[in-house]
Amino acid sequence: MENLDQFRKETKEWLKENCPPEMKKPMGPGDVVWGGRNCKFPHPDAKLWLERMGEKGWTCPTWPKEYGGGGLSFDENKILQEELMAIRARPALSSFGIWMLGPALLEFASEEQKKKYIPEIVKGEIRWCQGYSEPGSGSDLASLKTKAEDNGDHFVVNGQKVWTSYADDCDMIFTLVRTGPQEPKHNGISFLLIDMDQPGVTTKPIKLISGKSPFCETFFDNAIVPKENLVSELNKGWDVAKRLLQHERNMIAGMGLGGAGSAKKKKDQTISSGMATMAKTYVGEDEGRLANPGLRQKIASFDINSHAFSLTMKRASEESKSSNSGPSPASSMFKYYGSESNKLRYELMLEAMGTKALGWEGEGFGPAELAITREWLRTKANSIEGGTSEVQLNIIAKRVLDLPQ
Amino acid sequence: MSLVLNEEQVFLKDSAKKFATEKTPTTHFREVRDSEIENCYDDKIWQEMVSLGWTGILVPEEFGGSNFGVAGISSILEELGRTLTPSPLFSTAVVGVSLIKHANVDVKKDILSKVVQEGLRLCFAIEESNHHDLLKISCEAKKEGKNFNISGEKSFVIDGGFADKVIIACRTSGEEGKKDGLSLFVLDADSKGLTITPTKMVDSRNAANMKFDNVKVSSDMLIGKEGDAYEIIESVLDISRSAISAEMLGSALQAYEITIDYLKEREQFGSKIGSFQALQHRAAIMFSELELCKSCVIESITSFDEGGNDSERLASLSKAKVGEVFHLISNESVQMHGGIGVTDEYDIGLYLKRARVAEQIFGDSNFHKNRYAELTGY
């Protein structure tokens with residue numbers, strides 16, 4: 001405990017000296033720092049903040065020091081996150097390298113690969129995207145057809161990926177490819193790291209119902225990939241893929257923890273519900289109660305479930321700390337519950353706001369209201385990306401409950 | 001608040017598990033239910049619980065108890081809930097003891113030591129209508145010199161049919177709907193003017209109706225201050241709601257596990273029915289909901305012992321969530337069993353019956369969602 005107190009003290013001091021003032025202001029939608037070769041910083045302070053945090057390894061606090069990570073223990077990281085929260089510091093770096101690829105590389109990659117790729121992720125030098133789904137392979141991911149053929153010291157890759165997040169701004173793509181066309185489907189897949197800066201790789205944004213284009217199609221036309229970019233063994237990529245999906249699911253599950261609905265206890269000990277407060281401004285109140293009893297009941301249920309869910313995430317993290325096990329098939333439960341809960345959150349906001357949540361653009365709606373319309377549409381993908389809710393329930397049934405095939 | 005039990009609580013839970021498995025499996029419940037014994041009460045089992053010290057878990061050490069706390073007794077109830085063990089442990093060791101702790105020192109000393117040593121049985125007469133409502137109390141206690149005369153009617157008094165002492169919530173002033181004027185008294189179950197009519201509920205357990213016709217009780221038997229019992233009652237109810245949530249969680253977990261086992265063994269259309277996606281998804285949802293319940297229960301039962309100041313909201317959260325999930329699981333379990341699920345021979349129906357009664361104890365899910373919203377400021 002004494003060491004932890006000391007750590008907290010040092011962390012406070014370091015943050016006081018090193019977190020630039022601009023990085024303590026609330027973030028707008030364009031303020032996320034994704035890193036990469038052509039990284040766009042919203043402010044010079046964002047660059048400084050990334051450099052300082054990257055140098056310390058605190059963009060990836062629990063990763064091993066030898067690869068540039070922070071080398072922090074579970075408890076130290078908890079303290080770091082608390083202290084970052086306390087000064088409302090913006091995340092120095094957001095990336096799929098941190099959330100998804102890095103943890104899988106640490107588990108499956110060769111020493112050379114770790115030495116090369118992990119520090120780049122920590123410092124935000126390379127921006128990664130994910131090449132998993134294909135037009136014909138969605139929920140049935142293992143039926144994928146993009147093929148990689150052996151051509152001496154390199155592979156030649158041909159095919160198409162879809163739902164590659166922000167691929168048009170990315171430097172590298174981690175990709176599942178078919179290397180064993182004769183093998184049973186799960187046993188002929190390999191995990192390749194592909195540089196997108198080459199003529200054989202092109203991307204095309206997909207316009208979504210929200211009007212935005214966070215996803216792309218990515219085409220491989222005789223793309224060249226050096227042999228040393230194969231992670232794990234040839235035709236053993238499915239193991240890496242599954243593990244990485246668990247990390248992805250944990251990341252998406254985190255959305256279920258989002259702000260608006262959860263009841264929070266403020267410093268003065270009064271308790272409030274973000275969702276109910278918001279609803280009151282749109283539907284009014286009646287002697288302190290939300291004026292619409294039906295909506296009030298739904299929000300109470302939602303708040304109760306949100307609380308129970310975040311508590312369960314916390315409990316799982318405390319339990320995995322004691323057993324040191326990392327993500328498990330139970331991450332499917334969190335993915336399922338978190339994404340369904342996030343969808344419900346926005347449906348309730350729509351109910352509360354009525355036509356005010358249905359504006360598309362222009363006059364008559366505030367910017368926050370217009371953002372909610374778009375976010376509501378965005379949440380519809382939460383229960384599809386990273387494996388649909390139905391796929392998660394399949395996984396829970398088979399891997400956790402051990403029900404018969 | 002902790003999200004894991006400490007060593008002491010784990011020990012209590014393990015010994016309760018052993019007790020429930022060896023002494024009170026559901027066959028014990030059936031024996032008692034189907035025997036000539038009245039009120040679904042087995043005195044031998046009760047005395048064994050007493051000798052294990054379970055009635056003293058919330059009793060301070062100075063009165064012979066172990067003071068192991070709400071999380072301790074709740075962990076025991078969770079295990080007993082798994083096998084639907086019928087006993088007055090909840091009504092005595094949780095509700096009754098928590099109320100008596102607010103009595104004057106002589107009453108405390110007398111009653112608590114008898115609860116710990118002899119298994120004196122307590123019950124709480126609070127409800128007057130078919131829905132839990134603390135303010136809807138019109139039973140009256142009129143002061144006459146050093147005594148009070150109590151008149152009125154009570155219903156759904158859990159384990160009231162065989163209790164030795166009755167603790168009653170009534171009005172010494174004020175009118176129905178008001179917090180002020182509520183008072184608590186403890187009196188003998190065989191007091192003159194008190195008529196106790198045991199009623200058998202759908203879960204085969206006993207909840208009594210009580211009629212008070214000018215029942216005389218000394219003012220020494222007042223618990224807390226005259227007319228000022230509201231806060232005491234609410235705080236005891238919150239402990240009780242959390243503890244009964246733990247018992248309900250145990251029952252829900254068992255019903256779920258019985259069902260999962262059945263899905264793995266029952267064959268139709270040449271396959272195990274657990275291979276059918278229509279059932280797999282529902283089973284997976286039950287699993288997820290139970291994980292959420294476990295978190296709510298542990299947070300709530302540990303909050304009292306750790307002196308948290310959010311206990312009332314956590315109690316409502318826990319009772320609302322667990323009530324809803326036990327409801328879901330009790331229905332799904334019967335459906336997934338098919339025809340065998342609606343036979344008396346098979347255990348799963350017992351959990352359905354218990355679920356509905358337990359849901360009503362000190363407020364159902366609707367009650368607690370409403371209360372949660374109020375406590376959260378909407």
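These legends describe several views of chain A in a predicted model.

**View 1. Overall fold of chain A.** Chain A holds 11 helices and 12 strands. Its C-alpha trace spans about 75 × 50 × 50 Å along the principal axes. The radius of gyration is 22 Å, and a compact globule with 405 residues would come near 22 Å, so the two agree.

**View 2. Burial and contacts in chain A.** Of the 405 residues in chain A, 41% are buried. A buried residue has 20 or more other C-beta atoms within 10 Å of its own. Contacts in chain A also reach along the sequence. Taking those between residues at least 6 apart, 68% join residues at least 24 apart.

View 3. Strand β2 covers residues 147-151 of chain A, and strand β3 covers residues 154-165. The pairing is antiparallel, over 5 bridges. One bridge joins Asp150(A) to its partner Phe155(A) in β3(A). The hairpin has 2 residues between its strands. Gly152(A) sits in the turn, with a positive phi of about 80°.

**View 4. β3(A) beside β7(A).** Strand β7 of chain A runs over residues 215-226. β3(A) and β7(A) pair in the antiparallel sense, over 10 bridges. His154(A) has Pro226(A) as its bridge partner in β7(A).

Key:
Residues are numbered from 1 along each chain as its sequence is written. Chains are lettered from A and ligands numbered from 1 in the order in which they are written. This is a predicted model: local features need pLDDT of at least 70, side-chain atom pairs count only at pLDDT 80 or more; totals for chains, interfaces and linings use all residues. Helices (H or I, at least four residues) and strands (E, at least two) are DSSP runs, numbered from the N terminus. The radius of gyration is taken over C-alpha atoms; the globule rule is 2.2 Å times the number of residues to the power 0.38. A residue is buried if 20 or more other C-beta atoms lie within 10 Å of its own, exposed if 12 or fewer, and partly exposed in between; C-beta atoms are placed from the backbone. Two residues are in contact if their C-beta atoms, placed from the backbone, lie within 7 Å. Two strands pair if DSSP finds at least two bridges between them.
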